[in-house]
Amino acid sequence: MIDLSQCNVLIVDDTEENVDILVEALGNEYDVSVAMDGESALEYIHEHQPDLILLDIMMPGMDGYEVCKKLKQNTLTNEIPIIFLTALAKEQDEAKGLALGAVDYVTKPFSSHLVKARVRNQLELKLHRDHLEQLVRARTQELELTQEVTIESLGTLAEYRDPETGGHIKRTQNYVKLLAEHLKDHPMYNDYLDDATIEFLYKSAPLHDIGKVGVPDNILLKPGKLTDEEFIEIKKHSIYSRDAIAVSEKKLGKKSFLQYARIIAESHHERWDGTGYPHGLKAEKIPIPGRLMAIADVYDALISKRAYKPPFPHDKAVAIIKDGKGRHFDPDMVDAFLELEDQFRQIALEHADFEEERKNLTR
């Protein structure tokens with residue numbers, strides 16, 4: 001059962017007699033507040049958002065239409081139901097108010113029973129809507145959390161094939177987000193990198209190497225240099241990743257976060273000069289998500305301990321990324337990386353796996 005007694009009703013009317021009638025009609029059922037003009041009403045609403053507004057149209061200074069218009073233009077107040085109080089009876093006057101966003105009209109002189117009924121109906125509708133929105137938000141948060149946990153679990157499963165890279169997925173997804181946010185106003189990327197896309201990239205980045213589960217341990221964990229045949233085999237992990245993600249993507253549709261996961265997984269080993277894999281894509285033919293992950297993945301591989309190498313110092317990793325500008329990496333993204341290198345270092349420190357890595361990052 002919805003409790004309406006806790007609702008706040010704001011009466012906006014410049015005539016004391018009208019205010020007295022409305023307060024007497026509603027004061028025993030609701031928390032009632034009063035404003036005598038449009039300006040003070042807006043000030044009150046800014047500080048104490050009511051659940052419903054009874055708004056007189058004909059007031060000196062700012063009339064009710066203007067107050068309603070301002071409230072509906074503000075995302076913080078545009079959902080507050082407004083019932084107009086008016087002596088106007090013409091159909092076009094009512095149409096104008098409804099077009100501005102009012103939910104109802106009460107004409108003067110007031111009928112207390114009618115005012116009570118109209119107010120109660122609109123408050124019940126509002127509270128039911130608010131309750132439904134809360135349920136939707138809670139369900140959405142639950143689904144998003146489930147999605148994130150599933151993604152992280154799958155990404156971690158791949159990383160567990162190599163026990164020395166436990167923090168890799170956390171670091172790389174934060175690098176990608178940092179780099180993408182820095183580039184979202186860049187003329188080369190602003191059409192692609194909006195806030196929603198950046199969030200999808202952040203969420204999907206942990207799946208970039210999920211295809212490692214298809215690579216034999218004797219190759220994936222080999223401490224020495226790979227043979228040509230072994231390198232051919234390990235390069236297949238990007239295709240394994242793409243194919244595994246594509247199966248689930250078909251069920252969610254092309255607009256899901258898995259679209260970005262698939263693109264990242266398939267393209268993050270491509271190189272700007274066309275010498276990468278699996279397709280030998282060159283320059284801007286490499287998808288933007290893959291270019292972002294390429295820098296994130298290589299930087300992290302350099303500063304991390306691996307079976308085949310010790311962790312490199314941060315400055316050496318930065319120098320290698322810089323040297324790869326225009327050959328391995330998108331030149332504009334390298335420039336952005338160089339501006340953000342201290343923040344990359346902080347992310348790496350926060351999620352470092354080993355003390356040896358942490359010491360190297362502070363050198």
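**Rings, a glycine and charges**

Colleague: Let's start with Y65: buried or exposed?

Modeller: Y65 counts as buried, at 9% relative accessibility. Buried means under 20% relative accessible area, exposed over 50%, and partly exposed in between (1.4 Å probe, protein chains only). Bear in mind that this is a predicted model: local features need pLDDT of at least 70, side-chain atom pairs count only at pLDDT 80 or more, and totals for chains, interfaces and linings use all residues. Residues are numbered from 1 along each chain as its sequence is written, and side-chain values use heavy atoms, with hydrogens and water left out.

Colleague: How many aromatic pairs are there?

Modeller: You describe such a pair by the distance of the centres and the angle of the planes. Rings of Phe, Tyr and Trp (its six-membered ring) pair if their centres lie within 6.5 Å; planes under 30 degrees apart are stacked, over 60 edge-to-face, the rest tilted. The count here is 9. Y65 and F84 make an edge-to-face pair, 5.6 Å between centres and 80° between planes. They sit 19 residues apart, Y65 in helix α3 (residues 64-73) and F84 in strand β4 (residues 82-86); helices (H or I, at least four residues) and strands (E, at least two) are DSSP runs numbered from the N terminus. F84 is buried too, with a relative accessible area of 0%.

Colleague: And how are the planes of Y175 and F344 arranged?

Modeller: That pair is stacked, because the planes are at 15° with ring centres 4.8 Å apart. Y175 in helix α6 (residues 168-183) and F344 in helix α14 (residues 331-350) are 169 residues apart, and both are buried. Ring pairs also join Y175 and F344 with Y299 and F337 in a cluster.

Colleague: Where is G167?

Modeller: G167 is in the loop between α5 (112-159) and α6, and it is buried, at 8%. Its C-alpha is 5.8 Å from that of H351, although 184 residues separate them along the chain.

Colleague: How many salt bridges does a search find?

Modeller: It finds 22, where a salt bridge is a side-chain nitrogen of Lys or Arg within 4 Å of a carboxyl oxygen of Asp or Glu. One of them joins E66 and K70 at 3.8 Å, N to O; they are 4 residues apart in helix α3, which means about one helical turn. E66 is partly exposed at 33%, as is K70 at 36%. Then take D300 and R171, which meet at 2.5 Å, N to O. D300 lies in helix α12 (residues 288-303) and R171 in helix α6, so the bridge ties together parts 129 residues apart in sequence. D300 is buried at 0%, and R171 is buried at 0%.
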